[in-house]
Amino acid sequence: TCSRFINSFGCIITFTCNWKPFRYRRRDKFSRLRVFFLTKLFWEYKDGNQHTLFSALSRISMQLFGINEIAFRLPVFLAAVLAVPLLYTVSLILLSSESAATFSCYLLAFSSPHLAYSQDGRGYALSVFFALAVVCAVLKLLDRKNVWLWGSLLTGFGFCMVLSIPSNVFFLIASVLFYVIAACSNRGEGESFFNKKLLINFIPFFFLFTLVLGYFYVIYPGLSQNAGYYGQEITPSKFIEVSEFLVSPWGSWLYIILAFALLRLKSNKKILPFICFFITPVILIMMSGFIGPARVYIYLLPFVLMLIAQGLVDFSLQAKKICHKKMEYITMAGFCIGLVVQPALSLMNYYPERDNRKISTIDSAMQISSYVADNFPSNTLIIIPNRDKTLLRYLDDRIIDNMTDIFSQGLLNKVVFIGHRDIGPHEFPLRQYYPGHKIPLKEEFFELTKEIGNVRIYNFARSIARF
């Protein structure tokens, strides 16, 4: 019941603001979605922001439910919501503790990275979901029940994980290593490693890595180019950055609890999967010679939180045995306050920031595009804020065509400024090359002519002459 409540509440806070305008990024996924044609989406890897699986699912979602913010974000929203009960299932199998499984669901539901990427147009929430799905399939294969069903699901989940972000292959390798070691440990006395049942269980891994290697072969030119572009020098600070990212918003103090959980799991012989999941990516990172941004390793998030949840349960049990009852209550109250207050403060800052985004909505941008096509001649100079990628998505071709006509004809009819209603033309930021600078014109130089949705159109109310 408690886990269902956490899942329901997590669903609410995840869905909240899913209809809001997109966050400004230099390479917003929606503004660049049309760059990736479905016919080429799976055969090319243009850059690290492609997020192949999300791009495909998002297009399907918008074809089914219309072009809007909710439909665009629907795949990652569903992945984030489903990841919570899936984490409960995986935690229950790995830790054999309902309390730890419930705590881990709470931590994931209020995790800052999980919440942020459940409302973001990229594939990181998909990475979390498929990492849990892969581990769940591996655990079921170890039981040697419904081998063909779970083997097929493992192949599908693993390939989807790589389609989300290619570097997720590190986690797949860790999962294979875990399966091999666990399968060897679970063999019956006198049972050969190369017996028929074990070999059959390896067939899904063979198909999975055949698909992955084939996919990497096809996208290798773009993959190698972007690995060099996004890869960063391996330094201790980069590993610290990843570790802090995984325990946001609570902070690094949770790693004390995690270390306590590892010690307890070692004595219970349940530490193997976590060693494989954490150590293998680190070894592969060192072998590759570079490390990616912290968000790339979000697939470790549920397993870090799983260990922290187990540590909290173990600590509470030890406190009952060692501490005086009053001290036990004080200690557990301190932990509860720390686990509740930080997410509350984080949410109080998170949602107002999303509400205050001065970015046009998709619907407004589409209407503006139609209005511009019907009312402005080709020799009109159109100026929009560079940070508004949604407007850019619908107006960039028209802006380019108009600029071409203006230069070829040598005639400029008028200048119009189009942007969010809370940003006057005199406040339009210049490109990122000039941070902090705005268009150096006075407010009285502009005349409001039209407002559509959350977007306004202004005429430049001064005469224009050649110079």
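This is a predicted model: local features need pLDDT of at least 70, side-chain atom pairs count only at pLDDT 80 or more; totals for chains, interfaces and linings use all residues.

Student: OK, at what angle do H4 and H7 pack?
Tutor: Helix H4 (residues 69-95) and helix H7 (residues 124-142) pack at about 30 degrees, and their axes are 8 Å apart; helices here are DSSP runs of H or I with at least four residues, numbered from the N terminus. The axes are lines fitted to C-alpha atoms over the stretch in contact, and angles run from 0 to 180 degrees between N-to-C directions.

Student: And what kinds of residues make up that contact?
Tutor: The residues of the contact of H4 with H7 divide into 20 nonpolar, no polar and one charged, where Ala, Val, Leu, Ile, Met, Phe, Trp, Tyr, Cys and Pro count as nonpolar, Asp, Glu, Lys and Arg as charged, and the others, Gly among them, as polar.

Student: Switching topic, is Ile368 buried or exposed?
Tutor: Ile368, which lies in helix H16 (residues 362-375), counts as buried because its relative accessibility is 0%; buried means under 20% relative accessible area, exposed over 50%, and partly exposed in between, with a 1.4 Å probe and protein chains only.

Student: What is Ile368 in contact with?
Tutor: Leaving aside neighbours within four places in sequence, Ile368 is in contact with Leu391, Leu395, Ile418, Ile452, Val455 and Ile457, contact meaning heavy atoms within 4.5 Å. The C-alpha atoms of Ile368 and Lys450 are separated by 9.7 Å, although these residues are 82 apart along the chain.

Student: And Thr52, where is that found?
Tutor: Thr52 is in helix H3 (residues 52-65) and is buried, with a relative accessible area of 1%. Beyond its neighbours within four places in sequence, Thr52 has contacts that include Leu41, Phe42 and Tyr215.

Student: Now the backbone: what is phi of Ser96?
Tutor: Phi of Ser96 is near 55 degrees, a positive value in a residue other than glycine, and Ser96 is found in the loop between H4 and helix H5 (98-109).

Student: Which residues does a cis peptide bond join?
Tutor: A cis peptide bond joins Ser248 and Pro249, with omega about 10 degrees, and Pro249 is found in the loop between H11 and helix H12 (254-268). Most residues other than glycine have a negative phi, and most peptide bonds are trans.

Note on methods: Residues are numbered from 1 along each chain as its sequence is written. Side-chain values use heavy atoms; hydrogens and water are left out. Helices (H or I, at least four residues) and strands (E, at least two) are DSSP runs, numbered from the N terminus.
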